[in-house]
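Thanks, everyone. I'll take a few minutes on one model and go through its two ligand sites.

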Amino acid sequence: MEYYLAPSILSADFSHLGDDIRAVKECGAKILHFDVMDGLFVPSISFGMPVLKSIRPLTDMFYDVHLMIRDPERYIDAFADAGADGITVHAEACVHLDRVLDQIHDRGLKTGVALNPATPLHVLDYVYDKTDMILLMSVNPGFGGQKLIPAVLDKIAKLRGILDEKGLPAWIEVDGGINAKTIGSVIDAGANVFVAGSAVFGTGIETRYRELEALLPTE
Ligand code: DX5
Ligand code: ZN
């Protein structure tokens with residue numbers, strides 16, 4: 001299995017966003033996590049297509065767009081046009097999840113389904129075959145810098161069991177409260193992509209990225 005850190009620019013300094021992104025790129029980051037919030041599905045509002053479009057030329061990293069917005073089918077084309085490589089939608093925010101995943105694949109992008117901490121895994125039962133990545137929220141979405149909810153570890157392990165049993169290659173991404181203290185338990189539970197916002201951005205981005213990366217399994 002391949003393991004990746006996915007730095008979340010939600011915690012970057014927007015007065016020099018380009019520099020912060022170049023810093024993680026130079027550390028070898030392959031995935032950049034882009035948190036979109038609408039003030040409805042989650043309390044806060046972050047950023048959207050114009051920001052994605054302006055950072056697209058900076059790197060060839062995989063731009064992993066996490067839509068924390070209601071009825072995301074309205075914006076799939078716009079984020080695809082702005083330069084997303086993968087789009088993750090929340091199961092809780094979609095009336096027609098199956099159709100939205102088709103919409104994302106039809107644009108040639110990777111699909112992701114995100115679940116809030118309290119949402120059971122069975123909502124995935126009939127979409128596994130069209131889901132490239134499952135994002136398990138380990139905090140209630142809406143803000144960076146929160147504490148990982150321990151009950152999610154059991155959920156990650158259950159999902160790892162389901163994917164292995166079905167022989168599915170989907171990635172398990174975990175988002176929220178990942179830092180040097182918590183990442184080990186999330187790795188042990190069976191995830192392979194780790195979103196990290198406040199643990200990477202701030203002062204000393206390169207050092208913090210490398211310290212976290214050193215904790216990933218090497219194979
Ligand atoms: C939370 C966002 C996360 C957030 C993670 O709603 O989806 O991606 O940036 O931030 P940290 O790593 O600080 O918990
Ligand atoms: Zn996120």
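Let me start with a question: is His33 buried or exposed? This is a predicted model, so keep that in mind throughout. His33 is buried, because its relative accessible area is 0%, and the cut-off for buried is under 20%. His66 also comes out as buried, with a relative accessible area of 0%.

Both histidines belong to the zinc site. The zinc ion, ligand 2, is coordinated by NE2 of His33, ND1 of His66, and OD atoms of Asp35 and Asp175, at 2.0 to 2.3 Å. Along the chain, these donors follow the spacing H-x1-D-x30-H-x108-D. His33 sits in strand S2 and His66 in strand S3, so the pair ties together parts that are 33 residues apart in sequence.

Now ligand 1. It is surrounded by 20 residues, and the closest are Asp35, Gly142, Gly145, Asp175 and Ser198. A polar side-chain atom of Asp35 lies 2.6 Å from an oxygen atom of ligand 1. For Asp175, a side-chain N or O atom is 2.6 Å from a ligand 1 oxygen. Gly197 places a polar backbone atom 2.8 Å from an oxygen atom of ligand 1. Taken alone, ligand 1 exposes 390 Å², and the protein buries 100% of that.

The elements giving two or more residues to this shell are strands S2 (31–37), S3 (62–68) and S8 (193–196). S2 gives the most, with three residues. By class, the shell has eight nonpolar, ten polar and two charged residues.

Technical notes. Residues are numbered from 1 along each chain as its sequence is written. Chains are lettered from A and ligands numbered from 1 in the order in which they are written. This is a predicted model: local features need pLDDT of at least 70, side-chain atom pairs count only at pLDDT 80 or more; totals for chains, interfaces and linings use all residues. Side-chain values use heavy atoms; hydrogens and water are left out. A residue is near a molecule or strand if one of its heavy atoms lies within 4 Å of it. A polar contact is a pair of N or O atoms within 3.5 Å; within protein, one must be able to donate a hydrogen and the other to accept it, and residues adjacent in sequence count only if both atoms are side-chain atoms. Accessible areas come from the Shrake-Rupley method with a 1.4 Å probe; for residues, only the protein chains shown count as cover. Helices (H or I, at least four residues) and strands (E, at least two) are DSSP runs, numbered from the N terminus. Ala, Val, Leu, Ile, Met, Phe, Trp, Tyr, Cys and Pro count as nonpolar, Asp, Glu, Lys and Arg as charged, and the others, Gly among them, as polar. Donors are N, O and S atoms within 2.8 Å of the metal (3.2 Å for Na, K and Ca); water is not among the atoms, so sites may look incomplete. Buried means under 20% relative accessible area, exposed over 50%, partly exposed in between (1.4 Å probe, protein chains only).
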